[in-house]
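Dear colleague,

My notes on it follow directly after.

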Amino acid sequence: MSKIKWGIIGCGDVTEVKSGPAFNKVKNSALVAVMRRNGAKAEDYARRHNVPMWYNDAQQLIEDPEVNAIYFRSKYL
């Protein structure tokens, strides 16, 4: 099985303790990118969770060649 490289669109409070850390605990899974509209908050999240890439634009995360699965978490649906 190849590695699932996750990106999160909408990294906020819920992903802090639930889904975010879980992606790195599952075999063949890693969180490699996060996105939040507020770039400073996205960068802070990435730094604290050792996520290599962060974005403040969803399209950039979607087009990241390192991401092959996306978890979309948004309170604005």
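Please note that the model is a predicted one. At the start of α3, a side-chain oxygen of Asn38 comes to within 3.0 Å of the backbone nitrogen of Ala40.

Helix α3 itself spans residues 39-48, and its buried residues are Gly39, Ala42, Tyr45 and Ala46. Viewed down the helix axis, these fall within an arc of 125 degrees, so they line one face of α3. They pack against β1, α1, α2, β2 and β3. The face turned away from this buried side carries the exposed residues Ala40 and Arg47.

The structure holds four salt bridges, among them the following:

- Asp44 pairs with Arg47 at 2.3 Å, N to O; being three residues apart in α3, Asp44 and Arg47 are separated by about one helical turn.
- Arg48 pairs with Glu16 at 2.7 Å, N to O; Arg48 lies in α3 and Glu16 in α1, so the bridge ties together parts 32 residues apart in sequence.
- Lys5 pairs with Glu66, with the closest N and O atoms 3.2 Å apart; this pair links strand β1 to the loop between α4 and β4, 61 residues apart.

Through shared partners, salt bridges join Glu16, Asp44, Arg47 and Arg48 into one network.

Finally, Ile62, Ile70 and Phe72 form a nonpolar surface patch with about 270 Å² of accessible area together. Phe72 belongs to strand β4 and is partly exposed, at a relative accessible area of 46%.

With kind regards

How values were computed: Residues numbered from 1 in each chain as written. Predicted model: local features only at pLDDT ≥ 70, side-chain atom pairs only at ≥ 80, totals over all residues. Heavy atoms only, no water. Patch = residues over 30% accessible without salt bridge, like charges linked within 9 Å, V, L, I, M, F, W, Y side chains within 5 Å. Areas by Shrake-Rupley, 256 points an atom, 1.4 Å probe, with all protein chains shown as cover. Salt bridge = Lys/Arg side-chain N within 4 Å of Asp/Glu carboxyl O. Helix = DSSP H or I, 4+ residues; strand = E, 2+ residues; numbered from the N terminus. Buried < 20%, exposed > 50% of the residue type's maximum accessible area, 1.4 Å probe, protein only. Arc of directions from axis to C-beta. Contact = heavy atoms within 4.5 Å. Polar contact = N/O pair within 3.5 Å; in protein donor to acceptor, adjacent residues only side chain to side chain.
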